[in-house]
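Biologist: Before I use the terms in your description, I would like to see what each of them rests on. Please show me the model.

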Amino acid sequence: MSSLKKKRAARPKGRQAHAEDIEQVLVYLGDETPRRDRLIEYLHRIQDDVGHLPAGLLVALAKVMRLATAEVYEVASFYHHFDVVKDPEQAPPPLTIRVCESVSCELAGARELIDALARTMGDGVRVQAVPCVGRCEQAPVAVVGTCPAGEADVSKLQGMVSDGRTNDEPPATAADYKTYRLNGGYTRLQRIVEDDSPESKEAIIATLEHAGLRGLGGAGFPAGRKWRIVSGYPGPRLMAVNIDEGEPGTFKDRYYLERDPHRFFEGMLIAAHVVGIEKIYVYLRDEYAGVRALLERELDALLASPPVALPEIELRRGAGAYICGEESAMIESIEGKRGMPRLRPPYIAELGLFGRPTLEHNMETLYWVPEILDKGADWFCSHGRRGRKGLRSFSVSGRVNRPGVHLAPAGISVRELIDEYCGGMLEGHSLKAYFPGGASGGILPASLDDLPLDFDTLQQHGCFIGSAAVIILSDKDSVRQAALNAMHFFAHESCGQCTPCRVGTEKAAALMSRPDWDVPTLEDLCRVMEDASICGLGQAAPNPLRCALKYFPEEFA
């Protein structure tokens with residue numbers, strides 16, 4: 001009896017890797033030596049090929065990487081774009097159509113489109129309602145496989161499926177490496193590298209500080225000060241570039257990358273040289289498949305004929321998690337983990353990627369560096385209204401005639417933005433409300449259409465500009481419904497790490513779905529989320545709800 005127990009105890013526990021699965025995983029890895037921080041990339045390779053993540057391949061991947069199977073499963077199950085399948089009978093259909101249901105697309109009829117697709121698409125197509133895919137100016141937007149379709153309707157999407165148009169291609173209009181060099185690109189970088197003196201680097205940082213360039217991903221931290229802080233820590237230093245751009249209503253980073261990727265690369269490389277960066281990680285959201293192909297192509301061209309000696313550059317692909325727009329969650333993701341925000345301090349400038357001092361920037365912040373250094377801080381500061389200085393890239397969507405990215409003076413009002421840049425309101429629509437900074441930035445009424453849109457100007461009204469994603473609502477729209485849409489988004493995208501956010505957003509969304517809002521309970525939830533959440537998602541989630549109650553009481557009478 002005792003010998004039988006010993007034999008049973010000696011058997012390996014859990015699901016075991018099969019030889020054929022291990023062989024397939026090795027094909028996905030190619031000649032690459034397995035790296036823990038590349039786990040998400042390996043999961044992408046499997047998903048891209050198979051269409052989902054079979055349990056057997058996950059077990060085999062864990063064995064090849066010498067990881068616990070649970071560790072691979074917890075990463076794979078965290079990201080929305082990975083389909084973990086334990087039973088082959090439950091595998092998803094070969095093709096998925098993702099329809100954006102965020103505010104701008106909901107205004108343009110996304111819900112009706114989702115319902116119509118569910119009725120008309122066959123068994124071989126899965127229809128999913130998903131958060132913002134970063135193309136709000138083309139609402140409603142659907143993504144067939146990886147190929148986006150703006151102003152989508154059933155007929156257009158059926159045509160794409162029947163024609164096999166399911167893979168996104170690099171934008172044809174982007175300036176390539178050769179063109180950028182012929183137009184003088186990278187000459188600023190070359191001069192900076194040639195004059196490699198402490199005085200030159202100090203002058204560059206001082207120029208950015210004088211220009212007032214701030215982080216343009218939402219936080220608004222002064223760029224020059226960040227360079228100074230990170231360069232003060234002992235090396236080796238790393239850089240993480242955030243192009244996750246998941247805030248509903250935001251699409252400026254995609255817009256600029258599709259048109260001029262090397263201007264971003266040059267700003268990135270200038271920052272790397274001045275701060276003393278050993279390696280750069282560029283983190284791009286998974287929804288931008290065409291942009292990813294573009295960046296891969298242009299990075300190859302840059303590395304094949306570099307204007308100066310370059311640091312190592314690695315392009316990383318997100319996997320559908322809004323929370324990874326938060327800098328520490330992005331760093332966790334780059335390290336191959338779940339995108340859980342870190343507790344701070346320490347801050348990532350001191351202890352970031354792989355425990356090293358890390359310079360983290362939004363793509364657009366770096367995009368402006370070459371032009372500011374070429375034209376001077378005074379040129380940048382010469383733009384602005386109402387006492388504000390600089391330029392802002394506004395992603396505008398909703399009820400306007402010309403949605404899109406509009407470069408305008410900092411401090412412009414939403415009324416001026418609509419009239420001077422967006423061609424006015426749609427015919428038959430009048431301004432009722434607007435999100436000044438995406439879903440998390442709150443909602444303001446038309447009576448406050450003259451406020452300066454910039455950092456630090458909207459907080460007293462319960463809002464902030466964030467990534468400058470402006471969504472315009474008209475008299476034909478419900479602010480109450482827009483606030484509910486935003487809360488559903490936060491509940492869906494909460495990483496679940498902290499109770500105030502995980503439970504608070506779900507409970508608030510449930511209460512907001514009722515005909516009569518329980519305002520005292522909602523106020524309590526708002527206070528707890530704001531005071532006790534670990535990161536900005538839970539802290540900002542109450543903004544649209546509070547604004548709806550404060551500025552639009554008639555919708556709750």
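**Terms and what they rest on**

Modeller: Strand 7 and strand 10 (residues 358–362) run parallel and are joined by five bridges. This is a predicted model, in which local features need pLDDT of at least 70, side-chain atom pairs count only at pLDDT 80 or more, and totals for chains, interfaces and linings use all residues. Residues are numbered from 1 along each chain as its sequence is written, and side-chain values use heavy atoms, with hydrogens and water left out.

Biologist: What makes strand 7 and strand 10 a pair?

Modeller: Strands (DSSP runs of E, at least two residues; helices are runs of H or I, at least four; both numbered from the N terminus) pair if DSSP finds at least two bridges between them. Five bridges join strand 7 to strand 10, so the two count as paired. In strand 10, glutamate 360 is the bridge partner of alanine 240. Strand 7 also runs parallel to strand 8 (residues 277–284), with seven bridges between them; there leucine 238 stands opposite lysine 279.

Biologist: Why is strand 7 called mostly covered?

Modeller: Buried means under 20% relative accessible area, exposed over 50%, and partly exposed in between (1.4 Å probe, protein chains only). In strand 7 (residues 237–243), seven of its seven residues are buried. Arg237, Met239, Val241 and Ile243 point one way, while Leu238, Ala240 and Asn242 point the other way. In a regular strand, side chains alternate between the two faces of the sheet.

Biologist: What makes the sheet with the order 4-3-5-6 open?

Modeller: Four strands form this sheet, with mixed pairing. Strand 4 (125–130) and strand 6 (147–149) stand at the edges with a single partner strand each, so one side of each has no neighbour in the sheet. Within the sheet, strand 3 (residues 95–100) and strand 5 (residues 142–144) pair in the antiparallel sense over three bridges, and valine 99 stands opposite alanine 142.

Biologist: How many cavities of 30 Å³ or more does a search of the whole structure find?

Modeller: The search finds four. A cavity is a set of points on a 1 Å grid over the protein atoms alone where a 1.4 Å probe fits but cannot get out; lining residues have an atom within 4 Å of a point. A volume is the space filled by probe spheres set on the points, which are joined across faces, edges and corners. The largest cavity has a volume of about 70 Å³. Its lining has 13 residues, with Pro341, Cys495, Cys498, Cys501 and Cys535 nearest the centre.

Definitions and conventions. On a 1 Å grid over the protein atoms alone, a cavity is a set of points where a 1.4 Å probe fits but cannot get out, and a pocket is an open set with protein on both sides within 12 Å along at least five of seven lines; lining residues have an atom within 4 Å of a point.
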